[in-house]
Amino acid sequence: MKIAIIGIGTVGSAVATAVKNTGFVHEIVLFDRDGVRARAAADDLGHAASFGFDVKITAVSNYRGIRGSDIVIVAAGANQKPGETRTDLLAKNAAVISDIIPRVMANVDAKNVKIIILTNPLDVMVMLAQKLSRLAPGRVIGTGTMLDSARLRTILARHLGVSTQSINAYVLGEHGDSSVVDWTSATVGALSLDEFCRQMKISMPQTTRNTIAHRVRNAAYEIIRGRGATWDGIGAAAADLLRCIINDEHRILTVSTVSGTGADMVAMSLPRLVGAGGVVATLRPKLSAAESAALRRSGKIIRKNYDMI
């Protein structure tokens with residue numbers, strides 16, 4: 001399995017490390033317009049590979065170097081700065097994606113390639129990449145709210161005093177400020193969240209749920225304020241999505257991919273079955289009336305931003 005990563009900045013480098021550590025790829029190509037940076041990253045990661053999986057790691061600054069790639073991960077684009085929202089990056093990163101995708105498609109097998117998008121605002125960039133690539137929607141996939149859902153499970157686990165592995169809870173909609181926590185479908189073990197809290201005598205009033213949802217939506221901003229950028233979480237999410245595709249796991253992930261047609265076309269995160277072909281199916285979770293309305297609003301925001309470009 002040959003993987004190409006486009007853009008070897010902080011995020012791209014973290015993704016490369018996480019992908020290498022899966023042990024599921026035999027070759028990683030690091031593409032960056034800055035050839036010196038790409039070569040340095042390839043050398044550094046190649047040295048690290050000698051302590052683990054034997055992976056061929058090469059650096060290129062010409063798109064011809066990604067030929068033969070089975071999956072292309074796009075991590076290029078401007079990153080959020082302190083005080084910026086993901087939507088603030090809209091115009092800059094739309095130009096980046098518009099430049100990258102046609103060049104990628106000229107050098108890959110359009111019948112088999114899958115493209116994973118990490119660039120923000122993610123859902124809009126997925127829509128743009130799918131349009132430019134002309135690939136089936138299920139083969140242009142954004143990591144969506146995979147990381148948001150992981151943040152939710154982590155915060156919930158600490159509040160409830162259980163392992164994150166025992167919690168099944170999703171964040172849906174936009175990977176951004178309009179994301180929606182699906183409290184209705186959340187479970188702990190085989191129990192609904194409400195039933196678990198009742199049996200364990202744990203208080204989970206609406207105020208607490210609102211606080212948790214706020215922390216999930218603002219986690220990236222807090223990390224950016226303290227660290228300058230986020231990279232470890234998204235690197236792990238990208239590697240997990242990659243592993244799911246390579247192993248044909250048919251696992252349910254909250255990834256973003258295009259659905260609908262015409263004015264109703266939008267990319268947002270829903271629980272989706274992911275396998276070797278990309279997104280295999282989309283599931284419709286149980287939502288309250290308020291959650292359903294919030295998800296519709298989120299979709300409208302994504303579509304409005306897409307229409308702006």
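What percentage of the 309 residues in the protein chain do buried residues make up? With that as background, which way do the residues of strand β5 point, and what is found in the loop between β5 and α4?

Modeller: The model is a predicted one, and the values below are computed from it. Buried residues make up 52% of the 309 residues in the protein chain. The secondary structure of the chain consists of nine helices and 14 strands. Its radius of gyration is 19 Å, close to the 19 Å that the globule rule gives for 309 residues, so the chain is as compact as a globular protein of that length. Along the principal axes, the C-alpha atoms fill a box of roughly 60 × 50 × 40 Å. Of the contacts between residues at least 6 apart in sequence, 70% join residues at least 24 apart. The accessible surface comes to about 13600 Å², and 52% of that area belongs to carbon and sulfur atoms.

Against this background we may turn to strand β5, which covers residues 114–117. K114 and I116 point one way from the strand, whereas I115 and I117 point the other way. In a regular strand the side chains alternate between the two faces of the sheet. All four of these β5 residues, K114 among them, are buried, which means that each has under 20% relative accessible area.

The partner of β5 is strand β4, residues 71–74, and the two pair in the parallel sense over four bridges.

Beyond the strand, the loop between β5 and α4 (122–133) contains P121. The peptide bond that leads from N120 to P121 is cis, with omega near -5 degrees. Most residues other than glycine have a negative phi, and most peptide bonds are trans.

Two other loops hold residues with a positive phi. K201, in the loop between α6 (193–200) and α7 (206–227), has a phi near 55 degrees and is not a glycine. H250, also a residue other than glycine, has a positive phi of about 50 degrees; its place is the loop between α8 (232–246) and β12 (251–259). K201 counts as exposed because its relative accessibility is 75%, while H250 is partly exposed, with a relative accessible area of 40%.

Key. Residues numbered from 1 in each chain as written. Predicted model: local features only at pLDDT ≥ 70, side-chain atom pairs only at ≥ 80, totals over all residues. Heavy atoms only, no water. Rg over C-alpha atoms; globule rule 2.2 N^0.38 Å. Buried < 20%, exposed > 50% of the residue type's maximum accessible area, 1.4 Å probe, protein only. Contact = heavy atoms within 4.5 Å. Areas by Shrake-Rupley, 256 points an atom, 1.4 Å probe, with all protein chains shown as cover. Pairing = 2+ DSSP bridges.
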